[in-house]
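The following exercises ask the reader to inspect a protein model step by step. Each task is followed by a worked solution.

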Amino acid sequence: MAFLKNKYLSALLGTTLLLAANQGVAGLIITTGGQVATDGSGLTSSFVDASNKIDPTNGYLIETFDAATKMIGFEGFPQDKSFNWSGLDEIGNAVSAGCGVNSSGSISVTGNLGVKGDGTSNDHGVGAPPGGNHATIGDKTCFGFTPGEGTGNTVTVDYRGFLTGGDKIDYLGFYWGSIDAYNNFTFFDSSTNTSETLLGSTLLAQSGGTPGNQNGLESNLYINIKFEDFAFDSFMVTSTGVAGEFDNIVVGLQSRNIPEPATIAMFGLALLGLMRIKRTHH
């Protein structure tokens, strides 16, 4: 039975990648796929090592929300635990032990973000881990979600304090859990005063997934976005319900010129919904 499940998982990832690989939407190529992560976090980008323990000098950065998989060179930097969920599990243990934003500083993160993870599939009423209790893709590590414990239904991540020399981001990947139709994500390019908006409802239509399904392969996907004639320096996530869950966020810079660890302030954060795009001039 396990062999059949693994064959189905491989076939699904390959099929969704093939279907999406030909979809270039206004300068964005959106694919699903990735690889099974070996650290217990479900799925991760094919551009990084499956362990999620990476050297950022290869041109890619990762945010795992987990102290055990800080990027090489970042081990001595403290986590930002200000977004951690304050709740306890059924026997009084902290749900967010070892969790936090692994690298922060010159990237501005504002809005209603939550971070948690206790190794179970319990949603604690605020957000289930990507992949739920699925034996292969269930995330048993720390992850991010929105809305968190604050107010409002948006999170904004602004990279402009980190990017230098006109550099922008042209690749973003993330593990998106129990995708819902009420999520959307907007990318902003401040240099051209334009934006791109992606909707979760269209992604679900493409994958055949059920909204909010915590365990289904079609509703828990690793999303890859390659930017062709558009790149961004900030983004805003909107979720009008509970919840948007995400992990293993991988960012690639246009220049692939990664600063030294002391000056990096990468916070990959998440993408909440995908696939329908609308370009706007402000």
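**Exercise 1. Identify which residues of the largest nonpolar core touch the most other members.**

Solution. Step 1: recall that a nonpolar core is a set of buried Ala, Val, Leu, Ile, Met, Phe, Trp, Tyr and Cys residues joined through side-chain atoms within 4.5 Å. Buried means under 20% relative accessible area, exposed over 50%, and partly exposed in between, with a 1.4 Å probe and protein chains only.
Step 1: the largest such core has 52 residues, and those touching the most other members are Tyr-159, Leu-172, Phe-187, Phe-232 and Phe-235.
Step 2: strand 10 (residues 169–177) supplies the largest share of this core, namely six residues. Strands (E, at least two residues) and helices (H or I, at least four) are DSSP runs, numbered from the N terminus.
Step 3: a second, separate core has five residues, among them Trp-85, Val-95, Val-126 and Phe-143.
As background, nonpolar side chains tend to be buried together in soluble globular proteins.

The model is predicted: local features need pLDDT of at least 70, side-chain atom pairs count only at pLDDT 80 or more, and totals for chains, interfaces and linings use all residues. Residues are numbered from 1 along each chain as its sequence is written, and side-chain values use heavy atoms, with hydrogens and water left out.

**Exercise 2. Describe the protein chain as a whole.**

Solution. Step 1: the protein chain contains two helices and 16 strands.
Step 1: of its 282 residues, 55% are buried.
Step 2: the protein chain exposes about 11000 Å², of which carbon and sulfur atoms supply 55%; such areas come from the Shrake-Rupley method with a 1.4 Å probe, and for residues only the protein chains shown count as cover.
Step 3: consider contacts (heavy atoms within 4.5 Å). Among those between residues at least 6 apart in sequence, 74% join residues at least 24 apart.

**Exercise 3. Determine how strand 15 is placed and which strands are joined to it by bridges.**

Solution. Step 1: strand 15 spans residues 244–253. Ten of its ten residues are buried, so strand 15 is largely enclosed by the rest of the structure.
Step 1: two strands pair if DSSP finds at least two bridges between them. Strand 10 runs antiparallel to strand 15, with seven bridges; here Gly-177 has Glu-245 as its bridge partner.
Step 2: strand 5 (residues 60–63) is also antiparallel to strand 15, through four bridges, and Ile-62 stands opposite Val-250.
Step 3: strand 8 is joined to strand 15 by three bridges, again antiparallel, with Gly-144 opposite Phe-246.
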